[in-house]
Amino acid sequence: MDGAIAANLAQDGADWKVGVDIGGTFIDFCALEANSGRVASLKVLTTPEDPGAELMTGLALLAEREGFDPTRMTRFVHGTTVGINTIIQRKGAQLALFTNAGFEDVIELARLRMPDMYSLFCTRPEPLIPRDMVFGIPVRMRADGSESQAPDMDAVERAVATAKATGAQGIIVSFLHSWRNGAQEASVKAAIARLAPELFVFSSAEVWPVIREYERSSTAILNGYVHPRVSGYLTALEERLKGSGVPARPMLTKSNGGLMNAAEGKHACVNMLLSGTASGVIGASWLARQAGEGKILTLDIGGTSADFALIIGGEPQFGTGELIGEFPLHIPSVSVSSIGVGGGSIASVDAQGVLRVGPESAGSTPGPACYGRGGERATVTDAMVVCGWLGHTEMAYGQLKIDVGLAHRAVGDLASRLGRTVEQTAQAILDIAVSEMFVEVEKLASRAGVDLRDFTLMPFGGGGPMLGAFLARELGMKRLMAPRRPGVVSALGGLVADLRGDFIRTIFAPLSDASLPGIHSAFEALAREGRDWLAAQGHDAAAELSLSCDMRYVGQSYEIEVVVSPEWLVEGDAAAISQAFHLTHERLYDFHDPEGEIELVNARLSAVGAGPALSFPEIDEKDARAIPARRLPVYTGQRVETVDLHDRQALVPGSVFHGPAVVVQEDTTFAIPIGTQARVDRHLNLLLTFGE
């Protein structure tokens, strides 16, 4: 947003900054009035039939309940699942692919890997572009960037006519070696625009110009596949905000944990496919730094899935190759592991009489049976209600009233098939959900090479606090930290996120003194590109540029990312870059070859423009024993016990109590098992420590 407008609004009254995140069941709002430091939050049920309508409902409710004024909004950041849901549901655009003649099978061959190497029955996903919509064009670029064969424009014209006749909405152009020289892709794209202006076209070099044709092609295909729905959604979003008098320029959360403006999101759609999960980790990282927590395992449970990530040194971890449905995403993104177990995950008994949980979800429509919105099948949420952990107050800021009878009926149907009591069946559902999360977290820890006993669990999302303490205890973790508003941490992540753009240039050269000037030139070009991108986002302050290289020993098939200091490039210090590579290789693989020849494959640059410096109030702790609001019966796994129920609003910094207990608040419910001590810190985080 323009700085002068923000200053005028701040002088005139309130200065609202709003973060919004749309999940599978709820849309979350986190609004900060910057002048007073007051924070308002809200959850609204999603409207899958009309994405975006729930946004206006939420803004209206914030105005009604909190005095929020949309015309005083100086920052609006939005995360959405429209892109990823389009891929998962396979409701994207009908595309054609133009590639080199003789390479028409590139997306079907992929990397010739089985999706599950331990299963004899696994099948590979159907490609997003069917084989009969892949057209081979006589054209060839050499690996050094020189042209071997110019594009056959007659073949292009025939392919465009056939694609149009078979219903293509857009075309992806991906030729060999376009990472080195994208001129052939650009000329064919221009020809398509002349021949069929009604079709949208993306070239692989403009989306992500990286070596390896499958990775480059699949990334461009994902971008094109979601383009019509994402572009239409964002256009409607801008119009709705403008109609509400919102002056702030809408920003979007990205898969890399940063932000971009909505105008860019309409064509760089692939950058926002993991925006929701990434912004949750960004919000958790900010909260961890505020509390001085250096090692965090995040647990984000929504209605459909449970997502896990590691935060080390207060910073999220990044990587490439995250799965979008069944397809890998090859752009930088916050590293998140997901499993199809959430609050709305449906429990069922299979043909062999085995109880299973997920991955099918009841979503927001009809939702769990206890919501009273037409759902009849038992879910994890229904199991929590049957056990007594949930259902003692209204949920989601008063939007949902729990019907205990409907939950008992749904779980009872399974209980009768299993020959168990309703409570035993509900507990079994919870145990299965926790065990499936346990397996996924153990895999994450093994890949990262960390000991989770050194980490603190941070549960968030509507369902994270319900199951987080049980998972932490199973993992042998000693501590859990739950923020004041765990249900809206993803929305908070958008509020505190920085602008962040990632840029790549494939170099593919041996690392030596002779090659260093070329590497330096590539980084200078990337730096100009990064600064220009930040300027286009409206950022006119200082930029932070982070450099890295993808490197490998000669003969290796894949490379590792190595952080590079700008001074090494300026001073021509190839030895320092080599040493950094050896150390990184040693850390990852426990060995290095000091005599080995090194190849530099890609140069990477991240351009970061810092977001607003926000802070929440801190309150000094005072020794205080928490007074329960009342006591209630809960089935704790073996028997029914009477436990304390605490209202989160009544807990002050320094409040202490012990489990088993239930803590209720506007956006979620905490289940605190026996043998647990709970304390509220000066940031209003709820800290749990577990006994042996």
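In what order do the 4 strands of the open sheet with parallel pairing stand? The order is β6-β5-β9-β10, where two strands count as paired if DSSP finds at least two bridges between them. Helices (H or I, at least four residues) and strands (E, at least two) are DSSP runs, numbered from the N terminus. Before we go on, please keep in mind that this is a predicted model, in which local features need pLDDT of at least 70, side-chain atom pairs count only at pLDDT 80 or more, and totals for chains, interfaces and linings use all residues. Residues are numbered from 1 along each chain as its sequence is written, and side-chain values use heavy atoms, with hydrogens and water left out.

Strand β9 (residues 170-173) pairs with β10 in the parallel sense over 4 bridges, and glycine 170 has phenylalanine 200 in β10 as its bridge partner. Helix α5 (residues 153-165) packs on the sheet and touches β5 (95-100), β6 and β9, its direction making about 170 degrees with that of β6. Helix α8 (residues 213-243) lies across β5, β9 and β10 and runs at about 160 degrees to β10. Contact here means heavy atoms within 4.5 Å.

Next, have a look at strand β13 (residues 295-301), which is mostly covered, with 6 of its 7 residues buried. Buried means under 20% relative accessible area, exposed over 50%, and partly exposed in between (1.4 Å probe, protein chains only). Strand β13 has two pairings to follow. With strand β14 (residues 306-312) it runs antiparallel, joined by 7 bridges, and a hairpin of 4 residues links β13 to β14. Isoleucine 301 has alanine 306 as its bridge partner in β14. With strand β23 (residues 456-460), β13 runs parallel, joined by 5 bridges, and here leucine 297 stands opposite leucine 457. Strands of a sheet pair through backbone hydrogen bonds, either parallel or antiparallel.

Now for some helix packing. Helix α12 (residues 404-418) and α13 pack at an angle of about 95 degrees, with their axes 8 Å apart. That makes α12 roughly perpendicular to α13, since angles under 35 degrees count as roughly parallel, over 145 as roughly antiparallel, 65 to 115 as roughly perpendicular and the rest as oblique. His408, Val411, Gly412, Leu414, Ala415 and Leu418 of α12 make the contact with Val422, Glu423, Thr425, Ala426 and Ile429 of α13. By class, this contact of α12 with α13 has 7 nonpolar, 3 polar and 1 charged residues. Ala, Val, Leu, Ile, Met, Phe, Trp, Tyr, Cys and Pro count as nonpolar, Asp, Glu, Lys and Arg as charged, and the others, Gly among them, as polar.

How does α13 meet α14? The axes of α13 (residues 422-448) and α14 (residues 464-475) come within 10 Å and cross at roughly 55 degrees, and the two helices are therefore oblique to each other. Leu430, Ala433, Val434, Met437, Phe438, Val441 and Glu442 in α13 meet Leu467, Phe470, Leu471, Glu474 and Leu475 in α14. The residues of this contact of α13 with α14 divide into 10 nonpolar, no polar and 2 charged. Helix α15 (residues 489-496) is mostly covered, with 8 of its 8 residues buried.

A few backbone details deserve a stop. A cis peptide bond joins glycine 358 and proline 359, with omega about 0 degrees, and proline 359 has its place in strand β22 (residues 355-361). The bond from glycine 659 to proline 660 is also cis, with omega near 5 degrees; proline 660 sits in the loop between β32 (655-658) and β33 (661-664). Phenylalanine 508, in strand β25 (residues 499-510), has a positive phi near 55 degrees.

Let us end at valine 662, which lies in strand β33. Valine 662 is buried, with a relative accessible area of 0%. Leaving aside neighbours within four places in sequence, its contacts include Trp389, His392, Leu632 and Phe670.

Notes. Axes are lines fitted to C-alpha atoms, for helices over the stretch in contact, and angles run from 0 to 180 degrees between N-to-C directions.
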